[in-house]
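Student: Could you walk me through this structure, one feature at a time?
Tutor: Gladly; here it is.

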Amino acid sequence: MNSLPIIPETAPFTLEQRAWLNGYLAGLFSRAAAPDLPAAKTSSSATEPLIPLTILYGSQTGTAESLAKKAAKDAGRRGFAAMALDMAQTDVSRLVAEKNVLVIVSTYGDGEPPDSAKALHAALGNEDAPSMPQMRFSVCSLGDTNYAQFCQCGKDFDARLEKRRAIRITPRVDCDLDYEAPFARWLDTALSALSGITPETSQAAVAIASPATEAIGAQTLPVYSRKHPFPSRVLASRMLNAPGSAKQVHHIEFDLASSGIAYQAGDALGVIPQNCPELVDDILAALGCDGEEAVVTPSGEGTSLRRALIEHCDLGKPSAELLRLYPGCHEPHHVIDVLLGAQTDRRIRPEEFVRTLRKPQPRLYSISSSPKAHPGQVHLTVGAVRYDAQSRCRKGVCSTFLTERVKPGESHAGIFVHANPSFRPPPADTDAIMIGPGTGIAPFRAFLQERRSIGGRGRNWLFFGDQRSATDFLYREEMTELHANGLLTRLDLAFSRDQTEKIYVQHRMLECEKELWAWLEAGAHVYVCGDASRMAKDVDATLHAVVERAGGRSTETAAAYIQSLRSEKRYLRDVY
Ligand SMILES: Cc1cc2nc3c(=O)[nH]c(=O)nc-3n(C[C@H](O)[C@H](O)[C@H](O)COP(=O)(O)OP(=O)(O)OC[C@H]3O[C@@H](n4cnc5c(N)ncnc54)[C@H](O)[C@@H]3O)c2cc1C
Ligand SMILES: NC(=O)c1ccc[n+]([C@@H]2O[C@H](COP(=O)([O-])OP(=O)(O)OC[C@H]3O[C@@H](n4cnc5c(N)ncnc54)[C@H](OP(=O)(O)O)[C@@H]3O)[C@@H](O)[C@H]2O)c1
Ligand SMILES: Cc1cc2nc3c(=O)[nH]c(=O)nc-3n(C[C@H](O)[C@H](O)[C@H](O)COP(=O)(O)O)c2cc1C
């Protein structure tokens with residue numbers, strides 16, 4: 001088997017040029033190696049010139065990034081010199097020269113772009129942005145229909161490129177959380193349109209849907225993924241809060257032995273949740289069923305109604321089909337509200353009801369262990385979500401599955417690794433500033449374990465905060481030990497409810513703004529993890545304030561400084 005030629009990092013090219021050349025070589029290589037590839041099919045003859053293609057991605061938690069890299073590989077096999085390019089690594093002036101562009105972008109916040117896409121999104125929206133009539137493009141947007149501004153960022157890129165007179169070669173596709181099949185169809189159609197051939201839809205879709213295996217050493221192991229989660233045994237689960245806390249955050253350990261699953265510090269773990277049996281009892285009562293009725297699950301498996309409702313169905317947001325079965329139900333929060341608010345006497349049959357339900361959606365959790373410190377295991381730090389709505393006590397499906405219902409040593413949960421290649425500890429000799437209140441501490445426990453295993457001269461500074469020092473200092477012993485032995489150069493704590501006025505992590509940042517500025521100027525990488533809606537926004541504003549005040553910059557030059565940290569991947573956020 002030939003090895004893939006690549007342009008080394010030492011070669012005299014820019015990052016972008018190197019990536020393009022590597023894509024070009026990958027294209028050549030794939031075509032030359034096509035006879036060796038199982039079922040690989042090239043759509044153009046070996047003598048045709050390669051078609052240049054830039055696959056531009058904007059990603060917060062790595063999905064769009066991994067799809068873009070996959071798309072670049074597929075395109076390489078289909079006669080393109082393709083490269084996947086992070087939106088943070090380009091700008092409008094460079095896009096003007098692009099001929100063929102595929103955009104894969106997610107949406108965050110309230111219809112906002114991911115951090116890495118912010119600058120390009122804004123620049124393309126400027127009235128004075130240049131025309132791009134030479135560009136052919138298509139957009140795949142990633143999103144989640146649970147959010148009001150579904151796929152808004154992809155819609156914006158689609159409209160803004162059209163406004164710049166770029167030519168849309170195939171319609172935009174907006175993907176919900178089950179993105180695999182629509183993404184595969186979009187890619188196939190777009191690549192076919194760009195190369196002027198008939199789509200290979202069935203082949204592309206099957207390539208994603210079929211279970212994969214991978215040779216590891218002498219063994220052939222299944223490759224576990226979102227579609228094929230690994231049934232992992234829960235090894236341990238312990239509460240991190242002391243009695244009297246208002247919170248319930250658990251440290252949970254999963255067994256990876258024999259799975260072949262690999263991960264890196266910074267990745268997230270996907271967990272397939274199971275529903276609460278009491279909620280299922282309420283649904284069975286409302287349906288007038290005992291749970292033993294035979295039904296077919298949304299994945300096509302025959303089982304009892306109770307088992308289907310616990311393991312195979314999403315009992316959260318009701319589908320349009322369910323609302324049609326129960327007309328007149330106003331503003332339901334969850335499936336149970338539709339049944340309880342039903343204004344119909346018609347008895348719905350169990351199989352008819354189950355047909356209206358979706359498969360359970362996985363939840364992501366930032367991994368809180370390093371595989372170097374805990375080989376064969378993966379750890380999470382999960383806060384139980386509970387709240388009241390419409391006079392009913394609600395439990396977050398997955399967080400209470402993990403914190404209440406799994407039994408260490410007995411229970412299994414379906415898990416998979418969700419790679420987040422952009423969110424990694426810095427090089428060993430580079431400083432890290434980590435800001436992670438609440439469950440936001442999770443990836444930084446992993447970073448610190450990783451940095452302790454690797455060694456190096458990089459300093460580590462952790463800002464942690466939660467409600468009360470006595471009950472909510474998550475991983476207190478580990479963190480104070482790391483501080484005492486010097487791996488944590490600084491540990492700044494903000495307990496918000498230990499005094500009358502609120503003290504948050506950003507207040508601690510301002511107290512030591514000069515030192516923070518000195519770390520930034522010395523090349524530190526800044527990481528933020530935890531609550532997206534309030535904390536991450538306030539911390540961002542504080543970072544701007546630190547650069548203005550301690551760095552003596554104007555508001556505009558401070559904003560440019562922070563933007564350059566983003567482009568250099570020195571300011572990274574894992575927020576939710
Ligand atoms: C990349 C990433 C990393 C993450 N890492 C972690 C982590 O390390 N630890 C962690 O604990 N979580 C983490 N999360 C969050 C996690 O994925 C889940 O969202 C969380 O556990 C809630 O899921 P659930 O199934 O328990 O709740 P769900 O059943 O999904 O319910 C949550 C929903 O309930 C609603 N809701 C919640 N509170 C209220 C309220 N007060 N009033 C009205 N409605 C409300 C909201 O619509 C919310 O979206 C992460 C998320 C992402 C995307
Ligand atoms: N998307 C989802 O489905 C989902 C699910 C679960 C959790 N979350 C988010 O994840 C977050 C993490 O939850 P958590 O319980 O671990 O921690 P948290 O609620 O973020 O609380 C951690 C600490 O941050 C403080 N805080 C509150 N507002 C802040 C702000 N604007 N700036 C800085 N700090 C602030 C809190 O103080 P006070 O409480 O005293 O104000 C507390 O001391 C939640 O806030 C929630 O928004 C999202
Ligand atoms: C905090 C948060 C906010 C989100 N906001 C939106 C939104 O406003 N609209 C939407 O369609 N999807 C939203 N999503 C869903 C993401 O776009 C979706 O999960 C996507 O697949 C993530 O892709 P990425 O990993 O490449 O960033 C949100 C997800 C999170 C965690």
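Tutor: We will go through the ligand sites, then the sheets, then charged pairs.
Tutor: First the conventions: this is a predicted model, in which local features need pLDDT of at least 70, side-chain atom pairs count only at pLDDT 80 or more, and totals for chains, interfaces and linings use all residues. Residues are numbered from 1 along each chain as its sequence is written, chains are lettered from A and ligands numbered from 1 in the order in which they are written, and side-chain values use heavy atoms, with hydrogens and water left out.

Student: Which residues come nearest to ligand 2?
Tutor: A residue is near a molecule if one of its heavy atoms lies within 4 Å of it. There are 17 residues around ligand 2, and T439, S496, K502, Y504 and D531 come nearest. Strand β20 (460–466) and helix α19 (535–549) each give the shell at least two residues; helices (H or I, at least four residues) and strands (E, at least two) are DSSP runs, numbered from the N terminus.

Student: What polar contacts does ligand 2 have with side chains?
Tutor: A polar contact is a pair of N or O atoms within 3.5 Å. K502 places a polar side-chain atom 2.7 Å from an oxygen atom of ligand 2, and R497 has one at 2.7 Å from an oxygen atom of the ligand. In Q506, a side-chain N or O atom lies 3.0 Å from a nitrogen atom of ligand 2. On its own, ligand 2 has 880 Å² of accessible area, of which the protein covers 74% (Shrake-Rupley method, 1.4 Å probe).

Student: How does the shell of ligand 2 divide by residue class?
Tutor: It has 4 nonpolar, 6 polar and 7 charged residues. Here Ala, Val, Leu, Ile, Met, Phe, Trp, Tyr, Cys and Pro count as nonpolar, Asp, Glu, Lys and Arg as charged, and the others, Gly among them, as polar.

Student: How many residues surround ligand 3?
Tutor: Ligand 3 is surrounded by 20 residues, the closest being S59, T61, T63, A64 and T107. The shell divides into 8 nonpolar, 11 polar and 1 charged. The side chain of T61 has an N or O atom 2.5 Å from an oxygen atom of ligand 3, while for S106 the distance from such a side-chain atom to a ligand oxygen is 2.9 Å. G111 uses a polar backbone atom, 3.1 Å from an oxygen atom of ligand 3. The protein buries 89% of the 650 Å² that ligand 3 exposes when taken alone.

Student: Now the sheets: what is the strand order in the one with parallel pairing?
Tutor: Two strands pair if DSSP finds at least two bridges between them. This open sheet of 5 strands runs β21-β20-β19-β22-β23, and its edge strands, β21 (490–495) and β23 (571–575), pair on one side only. Within it, 4 bridges join β19 (residues 432–435) to β22 (residues 525–530), and I433 has V526 as its bridge partner.

Student: Finally, how should I read charged pairs?
Tutor: Side chains of opposite charge can pair when their charged atoms come close. The rule for a salt bridge is a side-chain nitrogen of Lys or Arg within 4 Å of a carboxyl oxygen of Asp or Glu, and the count comes to 44. K227 forms one with E180, the closest N and O atoms being 3.9 Å apart. This pair links distant parts of the chain, 47 residues apart: K227 is in the loop between β8 (219–222) and β9, and E180 is in helix α6 (residues 180–195).

Definitions and conventions
Polar contact = N/O pair within 3.5 Å; in protein donor to acceptor, adjacent residues only side chain to side chain.
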